Every structure is written in structure tokens, then in C-alpha cells.
Amino acid sequence: MTRLTLVDLAFPDTSSSEGVVRRQAGDLTHAAFLDTALEGRPLDAVFHLASIPGGMAEAQYSLARRVNLDATMGLLERARTQVLKGGTPPIFVFASSIAVLGAMPASVDDDTLPRPAMTYGAHKLIGEVLVDDFSRRGWIDGRSVRLPGVLARPSAPTGQLSAFLSNIIRELAAGRSFVCPTSAHATTWASSLPCVIEQLLHAATFDAALMGGQRVITLPTLCFSMAELVESITRVYGTAGAALVRYAPDPRIEALFGTFPPLSTERADAAGFRSDPSLDVLVRRALPQGLPVAEHMP
């Protein structure tokens, strides 16, 4: 790699970015901005992470379509143009989502049919189909990675209905009370942010032939109940987690994020993808360094 270009609407650090890592602030949906950001350089690998998620996609359809669909198509077309001009098809890692699955059966495996229940999931499923088709035609070497819940996401108003999963860790770790919008026995899937980063990097470097021609990767992740999560936070951060939580189930939140069944990811397992080794490790890795951790934590 000779250069890594990071593209986002804005960056918290406004210092200049030179050398190997360059930061370009702007709108991914504007072709002229991308031309400037990439400086006409060939694409070796693309990590397409941008999206309008969950609740925000439901509330702002036009914005969600522009970011989730139009921007994805724009990046794919840029790769196609590169190949048509005699270049090499870039590796294209597309951040899909378990939201494509929608209402789930009693268990989920690699062959479970997607049935998205929200616009966000429908957009991600369309992206998977596009990545598969562009790969079939030799324009990209695509890998669609279905991400589970990612913990903990920054404390920011993103419109994500699943934000409570991050907030409960952050609040209980700091010894603050929290109202959980699901029941204690609600079950969900999630991985720590460091784990997800490792898996995205693996997606760009592993031998895609190990997937037997499949381009969609459902990542290994942990399945746990909210009560188990609270117990883990108590162990890791030494706070009175159970005493700080009040459960006030919201039927919609419970249906969307609290009824996740057991998950089997044999293809991803065989290709070297790995989840966090335990819930305590996930919780410990979920927050930035600096918060106190219980002394008995290994």
C-alpha cells in the first residue's frame, strides 16, 4: 500500500493529513469530490462503510437512498471504469448488515434467506446483490460482510434504534442508571469495535476461494441476553450493574433487536473469521481505554 485515503463528512482532528494516510472531508455522493479526494489514482482496495442506518433511514428516505444506494453504485461504477480502461479490479469490502435478515427463524445459518424488515436492511441487501454482480463480471473482487451490532458506537445522535446496546455499556461502566428498552431475557448479536475492524481487514486479505464462490459473509459474533450483558459489565467494571438497570420493554425495539436466535457461520469460520472470544472480552474492548476495570478481570 502506498496511500490510504479516508473519506468522511468531517473529521474530529482538523490537523493536516499528509504522507501515507490522507483524510478528505466531503460528500461521498458527489463525483467531483471523489475525483479530488482520489487524485485520479487507481483503486487497490475499497472499504465501503458509509450508510444511513436504521431509524434514520426510516425517517429520511431520500437521504438514505442517496447514501445507501447511489453512493454504493457510484463507487462500483468507478471500479468498473478502472477495469474498462485496462486496470485491475479492486478488492471491494462492502459493509452490509444483519438487518438484511429481518424477522429470523428459530436458528440462522449461512443459507437463511434474507427478509429485511426495514429500509436500511433492504438497501444493504441491494448492495450485496450489486457487489455479487459486479464481481461476476470481473469489475471488482467483492466481499459483502454482514456486520452485527458493533459495541460501543460513539455517543452521538445517529438515529440508530440499536444505540441502547452501546449506551448501556457506557452508562453502567460509569456507574450511572439506565433504562433498557428491552426485557432482561431479550437476546441479541454483537461484536466489539476492535473485533469488527479485525474482521474487515481479514475480509480484504483472505483467499475468497475459501468461500466456495460465495460473496456474502455473515460474521461470527456473540449471542447473549441483556441480563448476561449487565452481568458482564458488572464483572469488568466493578459497578452494581443489576441495581442500576430498569427494564422498560418497547415492543418495537424488542422485536427488532431482542429476539435473535442461535447463529451458525460455518463458511466464515472456515475462512478464518473470528468473533470476540467471550462476552467479558467484548465488554472490555467496547469502550476506549481509560475507564477503570475491575481488578479481578484477567
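A nonpolar surface patch of about 440 Å² is formed by Phe47, Leu49, Leu193, Ile197 and Leu201. Patches of this kind are built from residues with over 30% relative accessible area and no salt bridge, with nonpolar side chains (Val, Leu, Ile, Met, Phe, Trp, Tyr) joined within 5 Å and like charges within 9 Å, and the accessible areas come from the Shrake-Rupley method with a 1.4 Å probe, where for residues only the protein chains shown count as cover. The structure is a predicted model, in which local features need pLDDT of at least 70 and side-chain atom pairs count only at pLDDT 80 or more, while totals for chains, interfaces and linings use all residues. Residues are numbered from 1 along each chain as its sequence is written, and side-chain values use heavy atoms, with hydrogens and water left out.

The element that gives the most to the nonpolar patch is helix α6 (residues 193-205), with three residues; helices (H or I, at least four residues) and strands (E, at least two) are DSSP runs numbered from the N terminus. Leu49, in turn, sits in the loop between β3 (45-48) and α2 (54-59), and with a relative accessible area of 49% Leu49 is partly exposed, a class that lies between buried (under 20%) and exposed (over 50%), judged with a 1.4 Å probe and protein chains only.

Two or more lining residues come from each of α4 (119-136) and β9 (216-218), and α4 gives the most, with four residues.

Salt bridges come next, and a search of the whole structure finds 15 of them, each being a side-chain nitrogen of Lys or Arg within 4 Å of a carboxyl oxygen of Asp or Glu. One of them joins the side chains of Asp35 and Arg78 at 3.0 Å, N to O; because Asp35 lies in helix α1 (residues 31-38) and Arg78 in helix α3 (residues 61-84), this pair ties together parts that are 43 residues apart in sequence. Another connects Arg267 with Asp111, whose closest N and O atoms are 2.8 Å apart, and this pair links distant parts of the chain, with Arg267 in helix α10 (residues 266-270) and Asp111 in the loop between β4 (91-97) and α4, 156 residues apart. Arg267 is partly exposed at a relative accessible area of 25%, whereas Asp111 counts as exposed at 55%. Within helix α4, Asp133 forms a salt bridge with Arg136, the closest N and O atoms being 2.7 Å apart, and since these residues are three apart in the helix, about one helical turn separates them.

A network of salt bridges also links Arg3, Arg22, Glu39 and Arg41. Glu39 lies in the loop between α1 and β3, where Glu39 has a positive phi of about 55° although it is not a glycine, and at 44% relative accessibility Glu39 counts as partly exposed. One further backbone feature is the peptide bond from Leu151 to Ala152, which is cis, with omega near -5°; Ala152 is found in the loop between β6 (149-151) and α5 (164-173).
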